[in-house]
Amino acid sequence: LISPAVPISKTFTITREIPDITTSPVATTSIRPTTLADLTLQGGEASQPGIFVWTDSTTALKLGEHAYSVTFIPTNAVTYGENIFNINIVLDNQQQYISWDIEDKDYYCGEIISLASARSKATANDAATGLQIVFTVDDETLASIDGSELTTLKTGTPKITVGQPGNLTYLPAADVSKTIIIQPNVFTGEGGDDDWNNPANWKAGVPTDETPDASVKGDLTIQSDHKVNIFTIESGASVTIKNGATLTIKGSSAGRETYGDIIVENGGKLVIEETADSVCVQNVYLATSFGEHSSSQVIAADRLTVHGDAFFDITWADNANAQKWHAFTVPFPVDARKGIYDLDGNQLTNEVNYAIMSYHGDVRAQGKYGWAKFRNIMTPGTFYLMTVDGTIPTFRFRKTTEGNLAATNLLQVAQFPQSGDAQVTDAGWNGIGNSQLSYVSVDAPVQVLNPVSYTYELMEASSTNFTVGTPF
């Protein structure tokens, strides 16, 4: 018989291979560090793939040169073990300061300002440290910063702060701050013309929707659509909005004692948005002409504050004479007796240079003409008839009362057709071309020419006033 074998025990130690560190990583920072967590390990190579981390990132740094523990963690942790080793870090206490000089002047909305002159310098020897400068602005609605460039956005006084947070060698530099004044982008006309789109005419280039504050110190002509926030026309300056162009204003311009003029030519449009409580001008000029299907437009004009006078010009057709009557409305009250001038400022005389009539249905109901001579204050929303002597091509109507304009400002004009005109399908007009026989037929409604759509619309002859609820 064979006896059982005696068991033999043997202990084996299995260890993972430790990767070799061929190049140690370097500790870097963009701030003044206090613990290892403030330092980033960059670079470094090992015999196996993996990462370098601080063994204990909460370890406090000590002034001078000291060794700190780093752990290499291999990607293949089954086969390879961690390698813990030390690297030396030198923490110095050198002083630095900010050298920065920004020109002390007014800046303008939309201007790009270089801040690149800011430098960090060593206090010991004034040598540049080469450290990256940090720029901040206290109000980002007034200005924005991209790298070392600052873009002014709107009027105000933002404070720009320049700093350098330090590193392993330098302590943080004391911040340096500068408050700048941002003015509206100014139209000067120094480009040699009155064109909005000429960059040389503006202090900071042509304004855009992103650079919304602007002011005008010269004579500016707007020939295309533009939108601005605060738009101030300074004393002695003027803005002319041409046919087909629209100027939209989003912000208020109150706060000055004097302003310039705004001229909205026939076919031009001024739009004042709800965000603007008050857009101030000295004088406002509106215009239209017979034979045209358009006129000046001022939208939300109740927010247009006129410190001086308001005018609108009507240019008559070439064949305007005493045998033709023209219908029109006014955008603000005008005295029919003494509120009408020529373009040279000479006051014209009622019933000499022109005559005005208004229609009253109640008068016509009594068997009378219905159209009567008018010598009072003309008001917006009412149509009037006017005939002229034909010697004065343009009549200028002047606003008679103070305060803002009416909210909707569309001048309405039309030349009344003579009896028998091909467009008249109803015998509503009897002898309109004859200034002595103008009246409304008893049984027919009044026909009014809408100068925008160029169609005839009916007003009942019984209307007390020949009015429209909303201007066309």
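Threonine 161 stands opposite serine 177, a residue of strand S16. This pairing belongs to a predicted model of a protein with 472 residues, of which 45% count as buried. The protein holds one helix and 45 strands. Among its contacts with a separation of 6 or more, 58% are between residues 24 or more positions apart.

**Sheet S12-S15-S16**

- Strands S12, S15 and S16 form an open sheet in the order S12-S15-S16, and their pairing is antiparallel.
- S12 and strand S16 (173–179) are the edge strands, each of which pairs on one side only.
- From one strand to the next, the twist averages 20°.
- Five bridges in the antiparallel sense join strand S15 (residues 159–164) to S16.

**Sheet S5-S6-S7**

- A three-stranded open sheet has the order S5-S6-S7, again with antiparallel pairing.
- S5 and S7 each have a single partner strand and stand at the edges, so one side of each is left without a neighbour in the sheet.
- The twist in this sheet averages 35° from one strand to the next.
- Strand S6 (residues 64–74) pairs with S7 in the antiparallel sense, over nine bridges.
- Threonine 71 has isoleucine 84, in S7, as its bridge partner.

**Aromatic pairs and a charge over a ring**

- The count of aromatic pairs in the model comes to eight.
- One of them is formed by phenylalanine 52 and phenylalanine 85, whose rings are edge-to-face, at 6.0 Å centre to centre and with 90° between the planes.
- Phenylalanine 52 is in strand S5 (residues 50–54) and phenylalanine 85 is in strand S7 (residues 83–91), so this pair ties together parts that are 33 residues apart in sequence.
- Phenylalanine 52 counts as buried because its relative accessibility, 15%, is under the 20% cut-off.
- Phenylalanine 85 is likewise buried, with a relative accessible area of 14%.
- Phenylalanine 187 and tryptophan 202 have ring centres 5.2 Å apart and planes at 75°, so their pair is edge-to-face.
- This pair links distant parts of the chain, 15 residues apart: phenylalanine 187 belongs to strand S18 (residues 185–187), and tryptophan 202 to the loop between S18 and strand S19 (214–216).
- Phenylalanine 187 is buried, its relative accessible area being 0%.
- Tryptophan 202 is also buried, at a relative accessible area of 5%.
- A cluster of Phe187, Trp196, Trp202 and Phe231 is linked by ring pairs.
- Elsewhere, arginine 396 places its charged end over the ring of phenylalanine 311, 5.7 Å from the ring centre.

- Glutamate 234 is located in the loop between strand S22 (231–233) and strand S23 (238–241).
- With a relative accessibility of 15%, glutamate 234 counts as buried.
- The side chain of glutamate 234 makes a polar contact of 3.4 Å with the side chain of serine 215.
- Apart from neighbours within four places in sequence, the residues in contact with glutamate 234 are Ser215, Val216, Lys217, Arg256, Tyr259 and Gly260.

**Loop residues with positive phi**

- Most residues other than glycine have a negative phi.
- Aspartate 126, which is not a glycine, has a positive phi near 65°.
- Aspartate 126 lies in the loop between strand S11 (119–122) and strand S12 (134–137).
- Glutamate 351 counts as partly exposed, at 39% relative accessibility.

How values were computed. Residues numbered from 1 in each chain as written. Predicted model: local features only at pLDDT ≥ 70, side-chain atom pairs only at ≥ 80, totals over all residues. Heavy atoms only, no water. Phe/Tyr/Trp six-rings, centres within 6.5 Å; stacked < 30°, edge-to-face > 60°. Helix = DSSP H or I, 4+ residues; strand = E, 2+ residues; numbered from the N terminus. Buried < 20%, exposed > 50% of the residue type's maximum accessible area, 1.4 Å probe, protein only. Lys NZ or Arg CZ within 6 Å of the ring centre and 35° of its normal. Pairing = 2+ DSSP bridges. Axes fitted to C-alpha atoms, helices over the stretch in contact; angles between N-to-C directions. Polar contact = N/O pair within 3.5 Å; in protein donor to acceptor, adjacent residues only side chain to side chain. Contact = heavy atoms within 4.5 Å.
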